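Let's take a walk through this protein together, from its overall build to its charged side chains. Please keep the sequence and the model open as you read.

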Amino acid sequence: MRKLMGFLLLACWQVCLYAGNYEVVSPDGKLKVALTVSDGLGMEVFYDGQSLFGALNMGLCLQQQPFKPVARSVKRSSVNEIITPVVPLKFVSVANHYNALRLNLKGNLAIEFRAYDDGMAYRFVTNGDGKKTLVYNETADFYLPEEAVLHLQQPVGFKTPYEEPYSHVAMKEWKDGSKFALLPLLVDTKKGVKL
């Protein structure tokens with residue numbers, strides 16, 4: 001009976017890790033990144049309790065097979081340091097203050113999220129043994145609020161000097177057949193935050 005209970009507890013623990021919800025919050029508590037692991041990876045970013053944007057189908061394919069996230073462990077950390085660049089640009093020193101969540105996945109892969117007071121970042125990390133890792137594809141389907149306004153360049157062709165004026169397009173007017181656009185782009189969420 002004791003072995004059966006131990007097995008059931010282990011199985012429940014594995015299911016909770018595989019399909020779970022995780023979050024990391026900025027040091028000032030205003031920005032929150034919510035991560036969902038189920039059949040795929042997804043995230044949603046909140047600021048002052050309002051949803052700003054999200055992403056679905058986040059993945060990194062290291063082999064030519066579908067990405068299926070299986071969580072192994074979670075590690076949380078905080079960093080509060082001052083970085084002094086070798087060649088100062090705008091500032092002589094830069095504050096590096098964030099909270100991080102690292103989700104270690106099956107297959108020597110991890111995804112790390114960082115929540116800063118004024119932004120967020122994520123990256124995939126390979127936990128290899130020093131060997132080169134071939135990345136076949138990285139995916140993320142981002143979704144933005146419908147009331148957002150996109151500020152972007154829409155050149156006539158692929159040969160461009162990046163000197164076209166910026167267009168201002170409402171998100172609800174952006175369709176699959178719309179003229180293509182270049183990065184970078186600025187998204188005005190109309191919630192007091194720009195991305």
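This is a predicted model: local features need pLDDT of at least 70, side-chain atom pairs count only at pLDDT 80 or more; totals for chains, interfaces and linings use all residues.

What follows starts with the whole fold and then turns to single residues.

Residues are numbered from 1 along each chain as its sequence is written, and side-chain values use heavy atoms, with hydrogens and water left out.

Begin with the fold. The protein has one helix and twelve strands; here helices (H or I, at least four residues) and strands (E, at least two) are DSSP runs, numbered from the N terminus. Read from the N terminus, the order is α-β-β-β-β-β-β-β-β-β-β-β-β. Of the 195 residues, 31% are buried, where buried means under 20% relative accessible area, exposed over 50%, and partly exposed in between (1.4 Å probe, protein chains only).

Now look at contacts, meaning heavy atoms within 4.5 Å. Among the contacts with a separation of 6 or more, 49% are between residues 24 or more positions apart. You will find Leu185 in strand S12 (residues 182–188), partly exposed at a relative accessible area of 34%. Leaving aside neighbours within four places in sequence, Leu185 touches Leu150, His151, Leu152 and Leu195. Leu150 lies 35 residues from Leu185 in sequence, yet their C-alpha atoms are 7.0 Å apart in space.

Next come the charges. Side chains of opposite charge can pair when their charged atoms come close. How many salt bridges does a search of the whole structure find? The search finds six, a salt bridge being a side-chain nitrogen of Lys or Arg within 4 Å of a carboxyl oxygen of Asp or Glu.

One of these joins Arg123 to Glu112, with the closest N and O atoms 3.0 Å apart. This pair links distant parts of the chain, eleven residues apart: Arg123 sits in strand S8 (residues 119–126) and Glu112 in strand S7 (residues 109–116). Arg123 is partly exposed at 44%, whereas Glu112 is buried at 9%. Both also belong to a network of salt bridges that includes Arg114.

Two other pairs are worth a visit. Lys32 bridges to Glu23, with 3.6 Å between the closest N and O atoms; Lys32 is partly exposed at 27%, and Glu23 is partly exposed at 38%. Lys190 pairs with Asp188, where the closest N and O atoms are 3.6 Å apart. Here Lys190 is exposed, with a relative accessible area of 51%, while Asp188 is buried, at 12%.

Asp28, Asp48, Asp117 and Asp118 form a negative patch. Patches are made of residues with over 30% relative accessible area and no salt bridge, with like charges joined within 9 Å and nonpolar side chains (Val, Leu, Ile, Met, Phe, Trp, Tyr) within 5 Å. Asp28 lies in the loop between strand S1 (20–25) and strand S2 (31–37) and is partly exposed, at 39%.

Definitions and conventions:
Accessible areas come from the Shrake-Rupley method with a 1.4 Å probe; for residues, only the protein chains shown count as cover. Lys and Arg count as positive and Asp and Glu as negative; His and the chain ends are not counted. The place of a charge is taken as NZ of Lys, CZ of Arg, CG of Asp or CD of Glu.
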